[in-house]
Amino acid sequence: PLKKRYLLALGRGEKMMALWLDDYPQMMMALTDPLPALPYFPQPLVPCVRNAYVHQEQIWLAVHLEPLFSALGTRQINQEATL
């Protein structure tokens, strides 16, 4: 049987990003106390992360979506240029 997937679109126009999800997105209401310091991130991602939280032994991130997608897009373009 085919597994049902959902398309989540964020943003508008040229700044829209879409992601395939295996389930509906869920609000993480339990994320109330940010970590006192952010974990290590590669330098291009540092401006994208606002806060980090621990929930059920996993680290969750609050991110600025536009700079995150821009950084990921730049990385993809750079990788394609080196092929």
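A word on terms before the clicking starts: buried means under 20% relative accessible area, exposed means over 50%, and partly exposed is in between, using a 1.4 Å probe on protein chains only. Helices (H or I, at least four residues) and strands (E, at least two) are DSSP runs, numbered from the N terminus.

This is a predicted model, where local features need pLDDT of at least 70 and side-chain atom pairs count only at pLDDT 80 or more, while totals for chains, interfaces and linings use all residues. Residues are numbered from 1 along each chain as its sequence is written, and side-chain values use heavy atoms, leaving out hydrogens and water.

**Colour by confidence.** pLDDT is the predictor's confidence in each residue, from 0 to 100. The protein chain averages 85, with 99% of its residues at 70 or more. Confidence is lowest in helix 1, at a mean of 77, and highest in strand 3, at 92.

**Select helix 1, residues 65-81.** Now pick out Leu68, Phe69 and Ala71, the buried residues of helix 1. They sit on the same side of helix 1, because they cover an arc of only 160 degrees around the axis, taken from the directions from the helix axis to the C-beta atoms. What do they pack against? Show strand 1 (6-10), strand 2 (17-21) and strand 4 (58-63); contact means heavy atoms within 4.5 Å. Then turn to the face pointing away from the buried side, where you'll find exposed Glu66, Ile77 and Ala81.

**Next, strands 1 and 2.** These run antiparallel and are joined by 5 bridges; two strands pair if DSSP finds at least two bridges between them. Leu7 stands opposite Trp20 in strand 2. In the hairpin, with 6 residues between the strands, click Gly11: it takes a positive phi near 90 degrees.

**Last stop, Phe41.** Look in the loop between strand 2 and strand 3 (49-55). Is Phe41 buried or exposed? It counts as buried, at 15% relative accessibility. Leaving aside residues up to four places away in sequence, Phe41 touches Val46, Val49 and Leu61.
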